[in-house]
Amino acid sequence: MKVPKSLESLVRDGLIDEVIRPLKSGKEAAVYVVLADGAIRCAKVYKEANQRGFHKQALYREGRKVRNSRQARAMEKGTRFGRKEQEEVWQNAEVDALYRLAAAGVRVPQPYHFVDGVLLMELITDEHGVAAPRLNDLDLTSAQALDYHDRLIAEVVKMLCGGLIHGDLSEFNVLVDAQGPVIIDLPQAVDAAANNNAARMLERDVANLAAYFGQFAPELLTTSYGKEIWYIYESGNLTPEVKLTGHFKGRNKEADINGIMREINDAREDALRRRQARDAD
């Protein structure tokens with residue numbers, strides 16, 4: 001295929017040998033299947049901020065490090081320079097998260113290069129070698145739902161042990177390869193120790209998983225892994241090997257079910273908007 005303008009510099013510099021085909025395109029990024037270093041990979045091309053559909057970014061930016069006070073002031077004022085710097089921080093957040101999580105053994109795509117707003121990374125494939133489906137495109141048995149849920153909760157724990165929370169985890173940003181679930185789309189990843197909304201975002205991520213898998217395994221709808229995980233994290237005892245019960249007993253505090261459901265619905269609306277935009281393209 002003809003090389004997209006956004007990838008021309010990477011082809012010219014030898015980072016990409018060939019652009020094979022487009023994989024998907026949405027409000028946030030366009031993804032292409034490419035040949036790089038003799039291997040099939042994907043190239044994620046970030047779009048400008050005014051083309052993206054993700055909102056409420058201020059919640060996610062809290063606690064993110066910037067280079068200097070000038071950059072911070074410009075971002076706060078929303079100047080043209082500030083918007084450019086803010087976009088760079090947003091993109092770098094995903095790149096940094098992928099490197100950190102891949103090194104920690106979390107099942108995310110392996111990143112290789114980030115150049116000129118393009119992220120070269122592993123292409124997640126199914127057992128036939130084609131691009132892996134999203135979790136929401138699969139019909140699951142109860143046993144599969146319980147298995148995938150357990151695996152993803154373990155990944156959430158490993159992420160938190162590495163200091164990060166996905167912040168937008170749902171069935172729309174999980175791929176399923178031959179070995180199981182792989183977590184994708186991390187530009188909104190949150191620093192658990194530096195963001196005041198971290199606990200709420202973790203609980204929402206985990207509640208999203210329970211709500212989705214609960215369609216196939218209803219017993220998951222009454223679990224409270226999010227509160228349990230955060231309680232153990234705050235106590236300083238969270239490890240990737242932690243044994244969870246799914247029932248929170250740390251504090252005698254009534255759960256804000258309505259608040260959690262509002263968060264889930266907001267997240268689902270965001271995800272559905274992005275999916276509809278991808279399908280429209």
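**Salt bridges in the predicted model**

Asp-177 counts as buried, at 11% relative accessibility, where buried means under 20% relative accessible area, exposed over 50%, and partly exposed in between (1.4 Å probe, protein chains only). The model is predicted, so local features need pLDDT of at least 70 and side-chain atom pairs count only at pLDDT 80 or more, while totals for chains, interfaces and linings use all residues. Residues are numbered from 1 along each chain as its sequence is written, and side-chain values use heavy atoms, with hydrogens and water left out.

Eight salt bridges are present in the structure, a salt bridge being a side-chain nitrogen of Lys or Arg within 4 Å of a carboxyl oxygen of Asp or Glu. Asp-177 takes part in one of them with Arg-107, and the closest N and O atoms of this pair are 2.8 Å apart. Because Arg-107 lies in the loop between helix 4 (80-103) and strand 4 (111-115) and Asp-177 in strand 7 (residues 174-177), the pair ties together parts that are 70 residues apart in sequence. Helices (H or I, at least four residues) and strands (E, at least two) are DSSP runs, numbered from the N terminus. Arg-107 is partly exposed, at 25% relative accessibility.

Within helix 5 (residues 142-161), Lys-158 and Glu-155 are three residues apart, about one turn of the helix. These two residues form a salt bridge with closest N and O atoms 3.1 Å apart. Lys-158 is partly exposed, with a relative accessible area of 21%, whereas Glu-155 is buried at 8%.
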